[in-house]
Structures are given as structure tokens and as C-alpha cells.
Amino acid sequence: MTHLFNDPTKFADELIEGFVAAHRNQIHPVDGGVIRRHKAKPGQVVLVIGGGSGHYPAFGGFVGAGLAHGAAMGNVFASPSAQQICNVAQAVDAGGGILFSYGNYAGDVLNFNQAQERLCAMGIDVRTVVVTDDTASAPVAEKHKRRGIAGTLPVFKAAAVAADAGKSLDEVCRIATEANERVRTLGVAFSGCTLPGAGKPLFEVADGTMEIGMGIHGEPGLYRMDAPTADGLAEILVNRLLSEIPAVVGNSDGARIGVILNSLGTVKHEELFVVYRKVDQLLCARGLIIVEPVVGELITSFDMAGISLTLFWLNDELEQNWVAAADTPAFHRGHSTQPYGDNVDVAKFSGKRRLTTGSAESQVAAMVAFAALEAAREVIDKEREALGCLDAVAGDGDHGIGMQRGLAAAIAAAREALDAKVGVGTLLMVAGDAWSDRAGGTSGALWGVILRNLGGVLGDEAIPTASVIAAGIAAALRGVTDLGKAQLGDKTLVDVLYPFSAALAQGASCNRSVSASWTVAAAIADEAAQATKDLQPRIGRARPHAERSIGTPDPGAVSMALIIRSVDKTIRAHCS
């Protein structure tokens with residue numbers, strides 16, 4: 001288990017602080033991540049990567065000469081927020097455009113896409129290459145649905161070397177895309193991992209058995225089998241990966257490949273070398289030429305006992321990038337040249353909203369909204385562990401922690417806004433920005449949109465009527481579906497938000513009061529959340545383990561219903 005931590009909710013912030021202190025000669029901190037210490041050449045492309053904490057060396061350990069220019073670092077197993085990503089991107093922008101690259105996880109996709117939209121609106125050219133190397137997470141015909149695991153390193157390196165060589169953004173994007181098409185990974189685990197402060201692993205593997213194809217966030221594998229010998233495991237990994245040689249490779253005879261044998265946490269170098277000995281023999285026997293293999297920790301999952309094997313099918317261009325020098329806190333190859341520029345003058349991009357005073361009526365509504373947020377935090381604090389258990393059935397088990405973290409940030413920001421005498425609309429938008437920024441992940445992005453869109457409709461002038469609130473919830477629903485692409489029946493919080501919104505609209509059309517409309521709609525939300533137990537997930541992190549989740553309600557739907565019910569009590573207490 002994870003032994004050394006203080007407050008689990010501050011674990012990511014404290015690890016980043018210590019990481020920067022240990023590597024001041026190579027990196028600088030920015031709000032939300034780290035960047036190279038030295039500036040990129042004016043006019044060149046820069047690479048920004050990122051993901052949740054808990055995977056070191058990924059992602060901050062890959063920032064430095066020959067690799068990424070910056071990394072956005074989210075909370076434990078949660079994507080960085082859009083604001084954090086923007087902070088990192090703006091700090092490294094050299095005027096030639098930015099390439100985002102990261103693993104294919106729902107929260108990362110949501111938040112990086114939001115960041116890309118914001119930066120493009122500022123006139124910065126941003127492109128994205130999402131890494132999809134995990135062969136266990138989807139069939140080859142649906143490669144775009146695969147997760148990104150240890151194959152992120154070859155993609156990041158290919159893009160970074162091209163960027164530092166002065167290639168255009170189009171060329172850097174093309175090279176990264178080509179690298180992603182040529183990389184394949186498969187992982188196995190002998191134990192689950194334990195998050196800081198948690199009393200048990202996210203999943204357990206019986207002694208003497210092995211999980212095939214688990215995810216780096218603790219998602220269970222696809223099936224289990226008796227644990228083989230080191231040689232037996234090497235044969236399983238090699239044979240599975242060689243059964244899916246990328247179509248672009250064609251005839252693999254004499255092909256040149258990069259190889260990564262990665263520890264997921266507690267498997268030590270000595271064990272890795274025993275396995276790699278057989279991997280090398282098997283690949284050479286197939287006539288493959290191994291180029292600059294990497295054996296060690298590249299992308300981990302806390303204390304998970306497991307390994308992954310990555311094969312990177314090279315062409316001349318990608319081989320040059322693969323063997324090029326690099327010098328980062330966690331990855332060293334060859335001798336990198338002297339950095340181009342002076343130390344970066346680190347700028348802080350706070351993204352804080354300007355607060356304006358609301359009307360007296362709207363300030364009263366803002367106080368009710370603040371009380372509702374506090375009531376929501378109370379119920380989520382109480383149900384955090386239960387929500388985590390629901391999430392661990394087919395996900396990574398951090399939903400309760402993420403919701404708790406987001407609400408705490410939202411309340412802190414809302415309290416400052418309340419002191420500034422804002423209206424209800426501004427208070428909700430400020431709370432939404434803070435929730436999204438500090439929680440990260442899918443739920444952080446979605447709840448940020450919910451509160452921002454609701455606040456945008458409620459405004460800062462009048463006490464909201466039932467019809468205005470119904471319109472605000474409808475706007476929140478549109479924002480969620482536009483951002484996350486989930487639809488009714490996909491087993492997400494949309495399965496609660498959709499009928500809840502419809503019920504509020506119906507109550508408003510019947511001239512019910514705010515309290516009466518919300519109470520009726522809250523009962524419908526409760527029923528909808530429980531009904532998700534019969535659904536099969538069709539989107540998000542739980543999709544690869546869809547069958548396992550049948551019979552268990554969706555944690556995002558449950559937490560939404562809990563919050564709606566807590567808000568109902570607040571409205572009845574203040575508006576009756």
C-alpha cells in the first residue's frame with residue numbers, strides 16, 4: 001500500500017512541490033504542472049503532455065531536453081483541469097504552435113479539448129495526438145478507443161525531437177500520429193494498487209494468479225490466469241503483441257523495433273531483466289532488430305505489482321527520433337546539447353474571474369446557492385467511500401475523492417465570491433471554475449460545465465424563478481452532452497440529468513414553485529440513478545469492463561442524485 005503521505009487530498013500538490021525541489025536545474029513549476037527550465041526557440045513548436053498523478057515518471061518526469069516542453073499534472077488518477085493545461089501551454093508557447101499529446105482517457109480528452117478551444121480562441125494554433133497503444137482495451141478495428149499506456153513515451157519523444165528540430169506544427173503532428181500508429185503495448189498485474197489514504201487496493205488478484213490487460217488507473221484486467229514463470233510471461237507478451245503487427249509495417253522480416261519493458265510499480269529491475277532476457281531472445285529469433293531498448297519504470301500505478309511490454313515499429317524517421325539524446329528528470333539518452341535560451345521567467349496564469357456586485361435580490365439567491373454547495377459537500381463527504389467502491393467495480397475507484405476535492409474547491413471559491421457580494425450567477429460560475437480546476441478528471445470537467453452554464457442563465461439581477469432554473473439546468477445538460485458526448489442510456493450522469501431537467505421544465509410549465517418543482521424532480525433523479533444499474537456503459541473508462549458494471553449503478557449518476565437531493569433540502573429550508 002501507499003505508506004507515506006500527509007493529507008491525501010493534497011498528495012498531488014505536495015509531490016509536485018518535492019519533485020520540483022529535487023530537479024530545479026531542469027524544470028520550473030507553473031500552476032498546474034511543470035515546464036522546461038530553458039525557453040524554446042522563438043517560433044518553434046512545443047509539446048505539452050499530461051495526465052493524472054500516481055504514474056511517475058509519467059508525466060512530469062518526461063519534461064526536459066529532448067522530450068516534452070511542459071506537463072500538466074492532475075490529481076491522483078485524475079486528469080489535469082483545462083485551466084491547468086492552459087497555464088502550462090501558455091508558459092511554454094514559443095509562437096510556433098502547440099501539440100497536445102496524452103493517453104486516451106475520458107477525463108484527459110474532455111479537459112485537453114477544453115484547453116485547446118480556449119487557446120485557439122486566443123489565436124494560438126493547437127493540435128492534438130491522443131495515444132492509443134493498449135491492445136487489451138479495444139480491438140484493432142476500434143483502435144481509436146484504446147487507452148494510452150507506456151506507448152506514450154515513443155509518441156512523446158517522436159514529437160518532441162521533431163519540434164526541437166524546427167519542423168512545422170503540421171509535420172510534428174504527422175510524425176506523432178505515425179508513431180502512435182506503430183506502437184503496441186500489453187500489460188499484466190499480480191496485485192492491485194492502493195491510493196494514498198485508502199485502506200485496501202482498488203482491486204485484488206489472488207495469490208498465484210495474474211490479471212491480463214489491466215489499466216494504469218487500477219482498472220481490472222480482461223481476464224485472469226495462473227501466473228507463469230518469467231519466461232512464460234515473456235512468451236505471452238511477445239506472442240500477443242506480434243499477433244498485431246501494424247498494417248503500415250507490411251513485411252516484418254528484419255524490421256527494426258524499439259522495445260520498452262516497464263514496471264508498473266513494485267516489480268524491480270532485477271525481475272525486469274530476467275523477463276527482458278527472454279523477450280530479447282524471442283524477438284531476435286523472429287528476425288527483428290532491437291534498437292535502444294528501455295527497461296525500467298516509465299509509467300506506473302503506485303504499488304501495483306505488474307509489468308507491460310511495448311513494441312515500437314520504426315521507420316527511418318522515427319528511428320532517428322527514438323535514438324536522439326534526451327535529458328529529463330526520469331529519462332536520459334546520449335548527450336543533449338546546450339539548451340537554447342535563458343531560464344524561463346515563469347508566469348502565473350490564474351484564470352480568475354473578475355467579480356462584480358450583484359443586485360440585492362441576487363445576493364440573497366447567492367447565499368442559498370452557497371448553502372446548497374455546503375449541503376452537497378456534507379452528503380459527498382458522508383458517501384465518499386461508497387462512491388469509490390461503486391467506481392472501483394469497472395473504473396479506478398477515485399470518484400468519491402474527486403467529487404470531495406471538487407466541492408471543497410468550489411466552496412472555497414464561492415465563499416470569496418460571496419464576500420465580494422456577487423449575484424447567484426457569478427457565484428455558481430466561480431464555483432464551477434474552481435471545481436473544474438482543482439478536481440480535474442471527467443467529473444471535474446462536467447461539474448464545472450454544469451455550474452458555469454447554470455450560473456450563466458441565472459444571472460446576477462433577479463431571484464431565479466422555477467422557469468429560469470429549469471432553463472439553467474437545460475443549459476447545463478446541453479453543455480455536458482456537448483463536452484462529454486454521452487447520451488441517454490450510456491450509463492453516465494446524463495441518465496440522471498436528462499430526466500431531472502425534463503421534470504423541472506414540466507414543473508415550471510405547471511406554475512409550480514421552485515421548491516415544489518425541485519422536490520418532484522429530485523425523486524425522479526433518485527429513481528434514474530438507481531436505474532443505471534441495469535445499463536451497460538458505452539462511453540468512458542468503464543466501457544472496457546462493461547459487463548462487470550451491470551447490476552451496479554453508475555457512480556457519477558449516484559453522486560448527482562445525492563447532490564440534487566441535498567439541494568432539495570436546502571431549497572425547502574430557505575424558500576418555503
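# Questions on a predicted model

User: Which residues is Gln116 in contact with, leaving aside its neighbours within four places in sequence?

Analyst: They are Phe100, Val126, Arg127 and Thr128, where contact means heavy atoms within 4.5 Å. Gln116 itself lies in helix H3, and its C-alpha atom is 9.3 Å from that of Ile98, 18 residues along the chain. A word on the source: this is a predicted model, in which local features need pLDDT of at least 70 and side-chain atom pairs count only at pLDDT 80 or more, while totals for chains, interfaces and linings use all residues. Residues are numbered from 1 along each chain as its sequence is written, and side-chain values use heavy atoms, with hydrogens and water left out.

User: Why is Gln116 called buried?

Analyst: Buried means under 20% relative accessible area, exposed means over 50%, and partly exposed is in between, using a 1.4 Å probe and protein chains only. Gln116 has 17% relative accessibility, so it counts as buried.

User: And what makes Ile124 buried?

Analyst: Its relative accessibility is 15%, so the same test puts Ile124 among the buried residues. Ile124 sits in the loop between H3 and strand E6 (126-131); helices here are DSSP runs (H or I) of at least four residues and strands (E) of at least two, numbered from the N terminus. Beyond four places in sequence, Ile124 touches Asp93, Ile98 and Leu119. The C-alpha atoms of Ile124 and Gly97 are 6.3 Å apart, although 27 residues separate them along the chain.

User: How many aromatic pairs are there by the ring rule?

Analyst: The count comes to nine. Rings of Phe, Tyr and Trp (its six-membered ring) pair if their centres lie within 6.5 Å; planes under 30 degrees apart count as stacked, over 60 as edge-to-face, and the rest as tilted.

User: What makes the pair of Phe100 and Phe112 edge-to-face?

Analyst: The centres are 5.1 Å apart and the planes are at 75°. The distance is within the limit and the angle is over 60, so this is an edge-to-face pair. Phe100 belongs to strand E5 (residues 98-103) and Phe112 to helix H3 (residues 106-121), 12 residues apart, so the pair links distant parts of the chain. Phe100 has a relative accessible area of 0% and is therefore buried; Phe112, also at 0%, counts as buried.

User: Why is the pair of Phe312 and Trp322 called edge-to-face?

Analyst: Their ring centres are 5.8 Å apart and their planes are at 80°, so the pair is edge-to-face. Phe312 is in strand E13 (residues 306-313), and Trp322 is in helix H8 (residues 316-323). At 2% relative accessibility, Phe312 is buried, and Trp322 is buried at 1%. Elsewhere, ring pairs link Phe11, Phe77 and Phe302 into a cluster.

User: How do you know that Ser53 is buried?

Analyst: Its relative accessible area is 4%, so Ser53 is buried. Ser53 is in strand E3 (residues 46-53), and its contacts beyond four places in sequence include Ala12, Met73 and Phe77.

User: What makes Lys485 and Asn511 stand out in phi?

Analyst: Most residues other than glycine have a negative phi, and most peptide bonds are trans. Lys485 has a phi near 70°, and Asn511 has one near 65°. Lys485 is in the loop between helix H13 (466-484) and helix H14 (494-509), while Asn511 is in the loop between H14 and H15. Lys485 counts as exposed because its relative accessibility is 56%; Asn511, at 71%, is exposed too.

User: How do you know whether the radius of gyration agrees with a compact globule?

Analyst: The radius is taken over C-alpha atoms, and the globule rule is 2.2 Å times the number of residues to the power 0.38. For 576 residues a compact globule would be near 25 Å; the protein chain has 24 Å, which agrees. The chain has 17 helices and 15 strands, and 60% of its residues are buried.
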